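Trainee: I have just opened this entry and would like to walk through it with you. Where shall we begin?

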Amino acid sequence: MSNHVYKTLELTGSSSSGIEDAVSTAIAKAAETVRNMQWFEVCETRGHIKDGKVAYWQVTVKVGFTLE
């Protein structure tokens, strides 16, 4: 097994349908320009309330990727 060095990047995704979708949205967007993503960690979850209901979720994640 080789030794890896990781760099982390912090992202915040949002979704009106749920927490998992907010995470997926953030990772999918990062995947457009970041290579070698290996893991993520959910750091913070919050949401926006409108008319007494959850309007959307915001999830901040740290994404780790290996350096080339």
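Trainee: Let's take glutamate 32 and lysine 29: buried or exposed?

Mentor: Both glutamate 32 and lysine 29 are exposed, where exposed means over 50% relative accessible area, buried under 20%, and partly exposed in between, with a 1.4 Å probe and protein chains only. Please keep in mind that this is a predicted model, in which local features need pLDDT of at least 70 and side-chain atom pairs count only at pLDDT 80 or more, while totals for chains, interfaces and linings use all residues. Residues are numbered from 1 along each chain as its sequence is written, and side-chain values use heavy atoms, with hydrogens and water left out.

Trainee: OK, and what do glutamate 32 and lysine 29 form?

Mentor: They form a salt bridge, with the closest N and O atoms 3.2 Å apart; the term stands for a side-chain nitrogen of Lys or Arg within 4 Å of a carboxyl oxygen of Asp or Glu.

Trainee: How many salt bridges does the structure hold?

Mentor: The structure holds 3 of them. One of these joins the side chains of arginine 35 and glutamate 68 at 2.9 Å from N to O, and both of these residues are exposed. Arginine 35 lies in the loop between helix 1 and strand 2 and glutamate 68 in the segment after strand 3, so this pair ties together parts that are 33 residues apart in sequence. Helices (H or I, at least four residues) and strands (E, at least two) are DSSP runs, numbered from the N terminus.

Trainee: And which residue does arginine 46 meet in a salt bridge?

Mentor: Arginine 46 meets glutamate 44, with 2.2 Å from N to O. Arginine 46 counts as partly exposed because its relative accessibility is 31%, and glutamate 44 is also partly exposed, with a relative accessible area of 41%.

Trainee: Switching to the overall fold, what order do the strands of the sheet have?

Mentor: The sheet is open, has 3 strands in the order 1-3-2, and its pairing is antiparallel; two strands pair if DSSP finds at least two bridges between them. Its edge strands are strand 1, residues 6-15, and strand 2, each of which pairs on one side only. From one strand to the next the twist averages 15°, with axes being lines fitted to C-alpha atoms, for helices over the stretch in contact, and angles running from 0 to 180 degrees between N-to-C directions.

Trainee: How many bridges are there between strand 2 and strand 3?

Mentor: Strand 2 (residues 37-50) and strand 3 (residues 53-66) pair over 12 bridges, in the antiparallel sense. Glutamate 41, for example, has lysine 62 in strand 3 as its bridge partner. These two strands form a hairpin with 2 residues between them, and in the turn aspartate 51 has a positive phi of about 55°.

Trainee: Aspartate 51: buried or exposed?

Mentor: Aspartate 51 is exposed, with a relative accessible area of 73%. Another residue to look at is asparagine 36, which has a positive phi of about 65° although it is not a glycine. Asparagine 36 sits in the loop between helix 1 and strand 2, and with a relative accessible area of 32% it is partly exposed.

Trainee: Where does helix 1 lie?

Mentor: Helix 1, residues 19-31, lies across strand 1, strand 2 and strand 3, and runs at about 130° to strand 1.

Trainee: Which residues are in the largest nonpolar core?

Mentor: That core has 10 residues, namely Leu11, Ala22, Val23, Ala26, Ala30, Val34, Val59, Val61, Val63 and Phe65. A nonpolar core is a set of buried Ala, Val, Leu, Ile, Met, Phe, Trp, Tyr and Cys residues joined through side-chain atoms within 4.5 Å. The elements giving two or more residues to this core are helix 1 and strand 3. Leaving aside neighbours within four places in sequence, alanine 26 is in contact (heavy atoms within 4.5 Å) with Leu11, Thr12, Gly13 and Val61.

Trainee: Last one, what about serine 15: buried or exposed?

Mentor: Serine 15 counts as buried because its relative accessibility is 7%, and its place is in strand 1. Apart from neighbours within four places in sequence, serine 15 is in contact with Asp21, Ala22, Tyr56 and Trp57.
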